[in-house]
Amino acid sequence: MISDSYDVIVAGGGTAGIPAAIAAARNGAKALIIEENGHLGGTAVMGVPFLGAFDGNGKQVACGLFQEIVQRLIDENGSIGHVHGARWANGREFVLTPFDSEIFKYAAQEMVLESGAEILLHSFITGVSMDGNRVTGVDITSKSGTKHINAKAIIDCTGDADIASLCGAETLKKTHVQNSSILFTLNGVDTQRLEKALEKGENINGWGSWHTRTVEARKLDSGSQSYVHIAGHFTPFGNDKEVTFTAVSGRDGEVYLNASRITGIDGTDSESLTHGEIEERRNIHALVQGLRENVPGFEHAYVSKTSELGIRESRTIIGDYFLTGEDTFGGKDFPDSIARGAYPSDIHDPKGGRTQFIFIKGGGSYGIPYRCLLPKEIEGLLVAGRTISAAQDANGTVRLQSTVICQGQAAGTAAALAVKNRTTPRLVNINTLRNTLTSQGACI
Ligand SMILES: Cc1cc2nc3c(=O)[nH]c(=O)nc-3n(C[C@H](O)[C@H](O)[C@H](O)COP(=O)(O)OP(=O)(O)OC[C@H]3O[C@@H](n4cnc5c(N)ncnc54)[C@H](O)[C@@H]3O)c2cc1C
């Protein structure tokens with residue numbers, strides 16, 4: 001039975017929210033995670049692999065809870081683990097960790113419950129209570145009506161900074177946000193035929209060059225050695241607009257595709273989201289027909305799953321520190337770093353064209369300051385995920401899943417320390433936080 005009061009409320013049960021709740025509970029807090037959907041996972045269950053866990057020199061920078069989640073997925077036959085051996089065009093190492101998004105939903109809920117945190121699904125947070133500038137609780141709306149739940153600390157993991165915005169925190173909404181995509185899974189793909197066609201550079205009937213990087217590894221279940229990731233560009237329907245795609249294959253015959261895009265969607269506006277969902281579903285319908293007609297291996301493919309519209313960016317908080325592109329590309333470190341990012345900044349053209357990558361200096365990593373998780377002038381609130389305080393070019397790298405999971409672990413740990421020491425997240429001793437994170441496996 002959900003109670004009226006918790007030490008820590010985690011708003012949003014997605015990529016950052018899951019580790020935030022686990023870390024808060026493991027560090028002694030009575031924690032509740034509140035999620036609008038009927039399952040945990042958020043954007044992490046769209047069907048994309050974990051990226052950004054290793055730097056360009058092959059060093060692991062996302063550790064701790066992230067590694068535990070990967071191990072749990074491996075144990076549940078939901079991942080083959082980290083796949084090494086591929087390279088970017090500039091020679092830097094490219095490591096990906098593919099996983100089964102349905103098994104992730106299960107593993108995540110079990111890990112949260114095992115930590116002692118509670119879960120409330122089908123509940124949308126629509127309001128907050130404040131004592132001056134300190135947030136003290138949230139209002140939720142669900143089939144049961146409305147309910148207020150108090151908390152000593154709240155972690156905003158909504159992906160849209162909903163809670164920060166409800167608190168009146170300063171947020172930034174860019175005029176040109178990165179494009180949005182529905183991801184889809186195809187089954188019935190002859191993945192070996194597809195791979196052979198790409199290897200031979202077979203003509204893809206005007207659908208452009210399909211093959212910039214192919215990564216091979218063992219498949220789940222069959223154990224066959226074949227491609228798990230292909231990334232490239234193609235020009236569907238003879239348009240002049242080339243699109244970037246990635247195809248991930250975890251099992252024989254199955255391909256997760258990230259190949260369609262829509263521009264100009266506001267992830268905080270339901271009418272805009274509705275427009276995006278409708279248009280992207282049309283795009284995917286046409287794309288699948290085109291794949292079946294033009295691309296070897298896809299002749300008998302059928303859609304087995306589609307995600308909701310994936311929002312790459314919406315609101316960003318303005319925190320005690322605003323992370324810049326120069327900080328991330330320059331591989332900067334900070335005395336209050338609580339997580340590390342390493343993936344090149346991955347900017348999906350707001351106008352819909354090719355994805356641009358900006359690499360980290362020397363193939364290294366950068367630190368994420370704790371201050372980026374603290375919305376200016378609001379107490380009792382932490383933010384983790386794609387909405388932390390960062391400029392658009394920095395956001396292109398801090399939003400990657402492994403990096404977001406590490407932010408979540410840091411936020412959950414900080415919230416629990418704040419409650420334990422009867423203080424606010426802003427006044428948590430940074431050395432204690434960093435030592436706690438390190439002792440719990442995090443790479444900071
Ligand atoms: C199309 C696309 C492709 C991507 N590809 C990759 C990739 O290949 N590899 C990679 O590592 N990263 C990739 N990313 C980036 C990464 O997946 C996201 O940036 C990251 O998962 C975001 O995590 P988050 O916790 O901030 O948000 P989310 O994971 O989206 O979590 C937010 C959660 O909060 C819930 N919520 C929102 N508002 C409320 C509310 N008011 N009340 C209750 N619940 C609420 C949502 O339902 C959701 O579950 C991709 C992103 C997109 C959109």
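My entries below go from the ligand to the strands and then to one helix.

**Ground rules.** I am working with a predicted model, where local features need pLDDT of at least 70, side-chain atom pairs count only at pLDDT 80 or more, and totals for chains, interfaces and linings use all residues. I count residues from 1 along each chain, as its sequence is written. My helices (H or I, at least four residues) and strands (E, at least two) are DSSP runs, numbered from the N terminus.

**Entry 1: the ligand.** Which residues come nearest to the ligand? I looked through the 39 residues around the ligand and found that Gly12, Gly14, Gly42, Gly310 and Gly385 come nearest. A residue counts as near if its C-beta atom, placed from the backbone, lies within 6 Å of the molecule. I then sorted this shell into 16 nonpolar, 16 polar and 7 charged residues. For that sorting, Ala, Val, Leu, Ile, Met, Phe, Trp, Tyr, Cys and Pro are nonpolar, Asp, Glu, Lys and Arg are charged, and the others, Gly among them, are polar. Strand E3 (50–51), strand E7 (124–131) and helix H9 (401–420) each give the shell at least two residues.

Entry 2: Strands pair if DSSP finds at least two bridges between them. E3 and E5 (residues 93–97) are joined by 2 bridges, and Leu51 stands opposite Leu96 in E5.

Entry 3: I counted 6 bridges between the antiparallel strands E12 (residues 213–218) and E13 (residues 225–234). Here Arg213 stands opposite Ala231. The hairpin has 6 residues between its strands, and Asp221 takes a positive phi near 70°. E13 also runs antiparallel to E14 (residues 243–248), again with 6 bridges, and His233 faces Thr244 there.

**Entry 4: helix H2.** H2 (residues 64–75) has 12 residues and reaches 17 Å from first C-alpha to last, close to the expected 16 Å. The expected span is 1.5 Å times one less than the number of residues. Which residues of H2 are buried? I listed Gly64, Leu65, Phe66, Gln67, Ile69, Val70 and Leu73; buried means that 20 or more other C-beta atoms, placed from the backbone, lie within 10 Å of the residue's own. What covers them includes helix H1 (17–26), E5, helix H3 (101–115) and H9. Just after H2, Asn77 has a positive phi of about 60°.

How values were computed
Buried ≥ 20, exposed ≤ 12 C-beta atoms within 10 Å, placed from the backbone. Contact = placed C-beta atoms within 7 Å.
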